[in-house]
Protein chains: 2
Amino acid sequence: MILEAANAEFLEKGYDGTTTASIAARAKVTHAMLHYYFQTKENLFEMFVQKKMALVKEAICPPARTATPGNLAEQVRYIVSHHMDFLFSHPELPKFMLREICFNRDSLAMFAAVAHQDGNIMDVAAGLKKAAEKEGLSIGFDIRTIIIEIALFNISAFISTDIRRSCFGESEEAAAAMIENRKTENTERILKMLGK
Amino acid sequence: MILEAANAEFLEKGYDGTTTASIAARAKVTHAMLHYYFQTKENLFEMFVQKKMALVKEAICPPARTATPGNLAEQVRYIVSHHMDFLFSHPELPKFMLREICFNRDSLAMFAAVAHQDGNIMDVAAGLKKAAEKEGLSIGFDIRTIIIEIALFNISAFISTDIRRSCFGESEEAAAAMIENRKTENTERILKMLGK
DNA sequence: AAATAGTTTAACAATTTAGTTAACAAAAGT
DNA sequence: ACTTTTGTTAACTAAATTGTTAAACTATTT
């Protein structure tokens, strides 16, 4: 399938490094076919980015829970844990996000727009603030910072395992254990940032 | 100067996004001149990478001190602080490193090679281990992990300020204050990882 | 079976890009 | 003075890349 091939190529080589011909070859179609269905390379790339952006959103927003959100520590732990698990099952996401941030192409603005326009992410942030204030903590900064920090701390953990595997051949199990451990560490650190 | 132009172009647009013509235009020479002096684009890119790699090394290795290294906490604080200051005065480095990691082109292997081959980085790691053991702590993992973690935590702080500035226009002063604060937070977290 | 709509291919055009070349100019050496 | 080396330019080549097109092929509908 062309979209899957495009996905893989863009992830591996970025926009500039990918050619419509290489996508077509990977999808085992002629590149004329690719243009017949998707017209332009940019078009394909936009679809690719849109899909990943949707995943990014999903990663940050924990699924609605029937149970009450619980206290601040529980909420943070839940968000961190959910995000980690999500990254674990979508290992290409950190790479994608960092690449987009690095290459800009207004990606930061795009992230911001997605985050702002979308109620869910703002709700998550607001929910954290409310829970914190309920416990008598006063948040002296933009609460959205916390979302950014959670994302970055968690992503760092995955980048770290990547590097360790690549540099001194760490095992899958050790990596998984470390990720699990990071859930707790990152939760604690976020709570500390919230004044807890 | 051609090398400066190449540096700026590669940082902004990456290898694939940069053309020899755009470098030449930026340096205000004909692109024939560029090829006369540097032969190939890859050649220029390699010089670019080499320079950045040297900076990366310099960033990790604190300058030799005349005074004794001090206890574990002081050592970690010193390394973290030095690294942060270095990143602060080389704001393009985090972007470069992340991009290289993302785009691979064997960059991870290159990082590993640089880190291994170079005595200084290994010395820093070994120094930490020795200091930790002197204080009765047993390090149950590869000590190089700590170097990676320091680098990633610190880089994260700069990425975070980038995002905050871009997304909700945080001021320079707030960013600088946050970076300063992160020196302490990151130091504490690294110490905790070392069992302290 | 004929018409029609959708799919596929091969060949092609236009542009971009890395790198070359030949001619020329300016220094530097002899 | 003249010869060699070095720097510079404009024009060029060859390959790659995006996108098109016309014709052929296939499936579906009528």
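Colleague: A:R164 and A:E170, buried or exposed?

Modeller: Both A:R164 and A:E170 are buried. This is a predicted model, so to speak of a computed value: their side chains meet in a salt bridge at 2.7 Å, N to O.

Colleague: What about B:K52, which residue does its side chain meet in a salt bridge?

Modeller: B:E92, at 2.9 Å from N to O. B:K52 sits in helix 4 of chain B and B:E92 in helix 6 of chain B, so the pair ties together parts 40 residues apart in sequence. B:K52 is buried, with a relative accessible area of 5%.

Colleague: And A:D142, what is its relative accessible area?

Modeller: 28%, so A:D142 is partly exposed. A:D142 forms a salt bridge with A:R144, and the closest N and O atoms are 2.7 Å apart.

Colleague: How many salt bridges over all chains?

Modeller: The count is 28. There is also a network of salt bridges linking A:E149, A:R189, B:R164, B:E170, B:R182 and B:E185.

Colleague: Which polar atoms lie by the phosphate oxygens?

Modeller: Among them, a side-chain atom of B:T20 at 2.8 Å, a backbone atom of B:K41 at 2.8 Å and a side-chain atom of A:Y37 at 3.2 Å.

Colleague: Which element gives the largest share of that surface?

Modeller: Helix 3 of chain A, with 4 residues.

Note on methods
Residues numbered from 1 in each chain as written. Chains lettered and ligands numbered in written order. Predicted model: local features only at pLDDT ≥ 70, side-chain atom pairs only at ≥ 80, totals over all residues. Heavy atoms only, no water. Polar contact = N/O pair within 3.5 Å; in protein donor to acceptor, adjacent residues only side chain to side chain. Helix = DSSP H or I, 4+ residues; strand = E, 2+ residues; numbered from the N terminus. Salt bridge = Lys/Arg side-chain N within 4 Å of Asp/Glu carboxyl O. Buried < 20%, exposed > 50% of the residue type's maximum accessible area, 1.4 Å probe, protein only.
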